[in-house]
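Open the model in your viewer and get ready to select a few aromatic side chains. Here is a short tour of ring pairs.

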Amino acid sequence: MQFAGRRFLAGYGREAFQRNFLVCFGVGLLIGIVVVNIGKGILLGETGLFDEATLYHMKYMTVDSNALFSYIFRKRMGRVLILAVLSTTYLGLVACMGAAFWYGMSAGAFLTSLALRYGLKGILLAIVGLFPHFLLYVPGVLLLLAWCEELFRGIYVRGEFSGGDKGVLLKKAGRFLAILLAMTVGCLLEGYVNPFLLLGFLRIF
């Protein structure tokens, strides 16, 4: 059974896996857009997503950057570690594709909600809400998905990771630490920089 599964996966190269990730993201993005458009009567009602009352309260709230960073750091790093651990199992590829789908659907729903509710101002709000931390999150997630896919293939397709592959393992560990560093800096920007940019924009929104 294991040999048959490995032979089946070996028929798909890295390019095929990466195409699948892109397809999953694209499908998720489309579904997010469609869901918001279909359910906009409920999701975008007076008390729905990103309603004016919520933005008004956000405009005048006080941000505890330390608490926000701690929450964001636990949330982001928890997902990174879970995905990294799952990539060492037979569920690794499915987990990566599921993550790509979820990120696509979240992006589609987020952008569509703001665009439908506020038009061009909503698009500008979305950009400000994602800046500057997503300049690190996007490449960090792409590198993480590639890292997880390579680890999965190394274990279950090529069978190259064994106790004697210290050089390969150290290289993988170094790349993972670089990903963690990028995500950590992204968390710092999201916790300490983005709130003030977002609140400043909301005051002129």
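Select Tyr-90 to begin: its relative accessibility of 45% makes it partly exposed, a class that lies between buried (under 20% relative accessible area) and exposed (over 50%), with a 1.4 Å probe and protein chains only. This is a predicted model, where local features need pLDDT of at least 70, side-chain atom pairs count only at pLDDT 80 or more, and totals for chains, interfaces and linings use all residues. Residues are numbered from 1 along each chain as its sequence is written, and side-chain values use heavy atoms, leaving out hydrogens and water.

Rings of Phe, Tyr and Trp (its six-membered ring) pair if their centres lie within 6.5 Å; planes under 30 degrees apart are stacked, over 60 edge-to-face, and the rest tilted.

Select Phe-50 and Phe-110 next, an edge-to-face pair with 5.6 Å between centres and 75° between planes. Phe-50 is partly exposed because its relative accessibility is 28%, and Phe-110, at 23%, is partly exposed too.

Is Tyr-156 buried or exposed? With 13% relative accessibility, Tyr-156 counts as buried.

Then pick Phe-69, Phe-73 and Tyr-192, a cluster linked by ring pairs.

Last stop: show Lys-121, which lies over the face of Phe-205, 4.6 Å from the ring centre. The criterion is NZ of Lys or CZ of Arg within 6 Å of the ring centre and within 35 degrees of the ring normal.
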